[in-house]
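I am opening the notebook on this structure. The entries below record what I looked up, in the order I looked.

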Amino acid sequence: MPPRRLAMLLTVAALGATAAAQSPRAMRGTAATDRAQQVLRALENHPQDPLPGWAAAVGQGRRVVFSQAAGLADLQARRTTTPQTRVRVYSVAKSIGAAAAMRLAEAGRLDLDAPIASYLPSLPAHLRAITVRQLLAHRSGVRHYRPGEWASVSDFNCATPAQALPDFVDDPLLFKPGQGYQYSTFGYVLLSAVLEAAAGQPFDALMRELVFEPAGMNATAIEGRPLPEMPGLPAQPVAVFYDRSEAGRFSPTTGIDASCKYLGGGLVSTAEDLVRFGLALLDGRLVSPAGLAQMLRVHSEGGENHPPYGYGFFPGENVLTTAFSVPVEDVEPAWWHGGSGRGGYAVLILYPKQRAAAAITTNVRASGRLVRATHTMALPFLRP
């Protein structure tokens, strides 16, 4: 046989072997990745909502199946954003806080229905009858931020949750506990102090025990706290946080420290870590199926400017269509939370039916289009 024809036959055979080796599942995964990347290219090139840097991830089962990052974590130093770049995730911390509370309760170390004065006996009298369930569902009556107050309670570092309580604990309740619904970051700050007292452990160590270590979240901590040393892990630097002018110019966020928000919004993390948290919550590593069912059930009915709420999550189907313009035919049963503030924006969406989770993070306050992008990115993996 002529050498040239032999070479051609060997090439064809090699291509056939490669195609045969690529399973239908692998081919579906490649197609899903391609479609997700198309979504993210549109995310990156949005003229009205530019982002310095961003990261995105999708997970299913027990592993991250897609992860991508782009842009800059530090504009001046030209440091690129990677999947390991840590950013402020703000109110997505509430989801993690709800899981921590449920896990502590299932271990018999926290009574969800006992007055929180059982754990914090020095609280002002008007707060003592509140229960953890009411804090989880925003039904405690503890207020949220007043107009113009956000920056003034976000400008110093709190070493413990107790140091964050004076900002609000002396203020009157908005309603009798259990008889209203008001979304409240301060309610989750109070929850942080309750968990620490109930467990009798420092907050940071408690969160590592309850959530971060079992979920494999190696990049998550309260802002300003060092990560535990773990040999062999890649560097996990914190991004520079940015404000954006109306003209689209970025400047470093100054004078802000989110640590005092604790489980109300004080964590820095990565898109991959948020996905790892979601997967661990869905597959039983953090709470039992019964505990998960309690979290992913509406406890606070929605009203004007208040969407329905479970424990640490909003139900997602209606809000995806009404608030974020996702076509009805593209909606899947979901629970989600977003986080937004100066220097950061994050979205986490859980898909219990598919045991999947998706997240996007960025180092600037962004728009709600990131919620739609997170779902649209995840959709190819949900419907292979």
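Entry 1, terms and source. I call a residue buried under 20% relative accessible area, exposed over 50% and partly exposed in between, with a 1.4 Å probe and protein chains only. The model is predicted, and local features need pLDDT of at least 70, side-chain atom pairs count only at pLDDT 80 or more, and totals for chains, interfaces and linings use all residues. Residues are numbered from 1 along each chain as its sequence is written, and side-chain values use heavy atoms, with hydrogens and water left out.

W336 sits in strand β10, residues 335-341. Strands are DSSP runs of E with at least two residues, helices are runs of H or I with at least four, and both are numbered from the N terminus. For contacts I take heavy atoms within 4.5 Å. Leaving out residues up to four places away in sequence, W336 touches F313, F314, P315, G316, V319, F324, V347, L348, I349 and V371. I also checked W336 against L379: they are 43 residues apart in sequence and 15 Å apart in space, C-alpha to C-alpha.

I find 14 residues in α3 and a reach of 20 Å from its first C-alpha to its last, close to the 20 Å expected at 1.5 Å a residue. The expected span is 1.5 Å times one less than the number of residues. Twelve of the 14 residues of α3 are buried, so the helix is largely enclosed by the rest of the structure. Among those buried are K94, S95, I96, G97 and M102. Just after α3, G108 takes a positive phi of about 75°.

How do the axes of α3 and α6 cross? The axes of α3 (residues 93-106) and α6 (residues 203-215) come within 10 Å and cross at roughly 105°. The two helices are therefore roughly perpendicular to each other. Axes are lines fitted to C-alpha atoms, for helices over the stretch in contact, and angles run from 0 to 180 degrees between N-to-C directions. Roughly parallel is under 35 degrees, roughly antiparallel over 145, roughly perpendicular 65 to 115, and the rest oblique. On the α3 side the contact is made by I96, A100, R103 and L104, and on the α6 side by L206, M207, E209, L210, V211, F212 and P214.

I define a nonpolar core as a set of buried Ala, Val, Leu, Ile, Met, Phe, Trp, Tyr and Cys residues joined through side-chain atoms within 4.5 Å. The largest one has 124 residues, of which L110, V211, F277, L281, M295 and M377 touch the most other members. Helix α5 (residues 185-199) gives the most to this core, with ten residues.

Most residues other than glycine have a negative phi. Y262 has a positive phi of about 45° although it is not a glycine. Y262 is in the loop between β7 (250-252) and β8 (267-269), and Y262 counts as buried at 0% relative accessibility. S325, also not a glycine, has a positive phi near 60°. S325 lies in the loop between α9 (317-322) and β10 and counts as partly exposed at 46% relative accessibility.
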